[in-house]
Amino acid sequence: MSTDAVRIKKDAIRIKRDVSPASIILSILKWTFLLFLFAYAVFPVIWLAIASLKTNGELMANPFSLPKIWQFKNYTKAITVSGIGRMMLNSVVISMAATALNILITSMAAYSVSRFEFKGNKLLQTAFSSGILVPLNALMVPYFVLISNIGLYNKMGGLILVYTAIGVPISTFIVMGFMKSVPKELEEAAVIDGANFYKRFFTVIFPLSRSGIVTAGTFQFLTCWNEFVYANLLTSSQTVRTIQLGIRYFTNQFSTDYVSMYAAIIVSILPSITAYVLFQNQIIAGLTSGAVKG
Amino acid sequence: MNVKRDEKIGVILFLLPVLILFIAFFVYPVIYLVIMSFNKWSGFDAPVFTGLTNYIKIFTDKVFIRSITNNIIWALVAGFVQVPLAVLTAILLSYKPRGWKIFRTVYFFPQVISGVALATLWSAVYNAQYGMLNGILRILGLGHLEKNWLGSLDTAFPALLIYWVFYVGYFMVIILADIQSIPEDYYEAADIDGASRIRQSISITVPLAKTSIVTCMLLAMINGMRQFEQVYMLTNGGPSNRTSVMVLYLYKEMQNYAYGTSSAAAVVLICVGTIVILTLRNTIGRPNY
């Protein structure tokens, strides 16, 4: 069959398909499904944002009405009552430190494992990637004992250490995948130029695996930013409280002042939403890369 | 590249920090849990060896049995409802309908919000007095169905289970990327044979995207086994422990200074998780890990 004939036959099939009643029903079903998921993803957030600008009276009277006067003072109250500023700062410090440390050590390890052959190399690779599947929440007792014993309970350092560690398997897995794809010739050229092990890492391999490192870093940062279980377990005082832990206390802090609590929730998710709007491609790549073959 | 003598030190030095953390936070904790699960320990005095007492205690505890059951239901719903929904969505978007990129971006969006924040958001949706769900029911004239969704015995667990099922964005993106790497030729050949799109999806798309689908099922089910935040925030296991899960159980045992019992529950959780992984691997197919 010539190409034209194929195209004509394909077009014929397409046209036939497009007018049949079955395909119209399927198309309606398809769009209903797609739009339902769309609404499902955004509607609760939008509803909460609008509710956060109402008075409690208005919310009680009708959950869907628009506010008569936009109550921006709910936000002032949310910020002052919850102490959200401090918690944000704690979250930023902890997440940035844990990400920087994690990326530095995992890219070093990935360099060793992915570009040098030695005994136990394969075993290490398998161990690291199976670490991804360990249900971390089950390790509360040993983490609690370990962190208390080294005197880091209720300290930011404790969370930084735990977050650096729990991201080790996934970051190593991601960065390893990228480092394997850097051509051997580039490194060999550097060897000829007299660059030693360390120099090759910092001047050749690290810069060339940049996209993998950024991807792993994105994943790691978001994991730290959103982590709750260990923030809850390993801290007790307000001065080291992260933003996720803060959300837990909103119900106590605001009790029946729902609208201010909603405002506090909106403020707490605003950084994530902003980051997503600005860097969505990077974030999607970062969060999914761990599940894509490296 | 073979390791030259002067590089040996470098390789070891570069591996060391990760190796130490991996042993301290992944290998040692599991061993620790196994040992501690045979002991009675309140966290203050020395642990006392008690054999299988902790295991007998948790397996005769209705709350723990309920927790395991809930976790298994949770994992099954995640693997066999949420992931298939994600596959369906990915297939629909792979034909690039109008605005597919916007759909992709929006579907993924809930993924960047933390579990705690989402749970708090949904507690507002389910709220008995001013919640969104009851509000919608009233508008639809279904006011008689209004409920205290998280407070009633019969709706609390379904309410916990259902809200995240439709957040398919994460798995959808992974599967969609895989589908988009399938060569066009297969579909063109199937077009010529007159195979419908549904037929093409079943015979071409799903088999060729199998690895990513299995990986997603694995991640989804593991997620179901280690649930904590949502339950902790929305119901704290109530009403009358109806919505308890294993991690919540071991957390509460820990708060009661029953570290041994908590460890036993954790060991069971790790075993059940491993069984899930191995079963999936040996029946449906190999994931990426």
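How many residue pairs are in polar contact between chain A and chain B, with both at pLDDT 80 or more? The count is 13. The legends below refer to a predicted model.

**View 1. The interface of chain A and chain B.** On the chain A side, 100 residues are in contact with chain B. On the chain B side, 97 residues take part. The area buried between the two chains is about 9,200 Å². Carbon and sulfur atoms give 78% of that area. Three residues, Y40(A), L133(A) and V141(A), supply 8% of the area that chain A buries against chain B.

**View 2. Polar contacts and the make-up of the chain A side.** Between chain A and chain B, 13 residue pairs are in polar contact. Helix 2 of chain A, residues 21–51, gives the largest share of the side that touches chain B. Its share is 17 residues. By class, this side of chain A has 74 nonpolar residues. The rest of the tally is 14 polar and 12 charged residues.

**View 3. The salt bridge between the chains.** Over all chains, the structure holds six salt bridges. R200(A) lies in helix 11 of chain A (residues 197–208) and E7(B) in helix 1 of chain B (residues 5–36), so this pair joins two chains. Their side chains meet in a salt bridge at 2.6 Å, N to O. Across the interface of chain A and chain B, the rule finds one salt bridge.

**View 4. Helix 5 against helix 12 in chain A.** Helix 5 (residues 84–115) packs on helix 12 (residues 210–226) at an angle of about 145°. The two axes are 9 Å apart. The crossing is right-handed. On helix 5 of chain A, the contact residues include M88(A), V92(A), S95(A), T99(A), N102(A) and I103(A). Helix 12 of chain A contributes I213(A), A216(A), G217(A), Q220(A), F221(A), C224(A) and W225(A). By class, this contact has 10 nonpolar and seven polar residues. No charged residues take part in the contact of these two helices.

**View 5. A cis peptide bond in chain B.** The bond from G238(B) to P239(B) is cis. Its omega is near -10°. P239(B) is found in a loop of chain B, between helix 12 (229–234) and helix 13 (246–255).

**View 6. A positive phi in chain A.** S255(A) is not a glycine, yet its phi is positive, at about 35°. S255(A) lies in the loop between helix 14 (243–254) and helix 15 (258–288) of chain A.

Technical notes:
Residues numbered from 1 in each chain as written. Chains lettered and ligands numbered in written order. Predicted model: local features only at pLDDT ≥ 70, side-chain atom pairs only at ≥ 80, totals over all residues. Heavy atoms only, no water. Contact = heavy atoms within 4.5 Å. Buried area = accessible area lost by both parts, 1.4 Å probe. Salt bridge = Lys/Arg side-chain N within 4 Å of Asp/Glu carboxyl O. Polar contact = N/O pair within 3.5 Å; in protein donor to acceptor, adjacent residues only side chain to side chain. Helix = DSSP H or I, 4+ residues; strand = E, 2+ residues; numbered from the N terminus. Nonpolar A, V, L, I, M, F, W, Y, C, P; charged D, E, K, R; others polar. Axes fitted to C-alpha atoms, helices over the stretch in contact; angles between N-to-C directions. Left-handed = near helix turned anticlockwise from the far one by under 90°.
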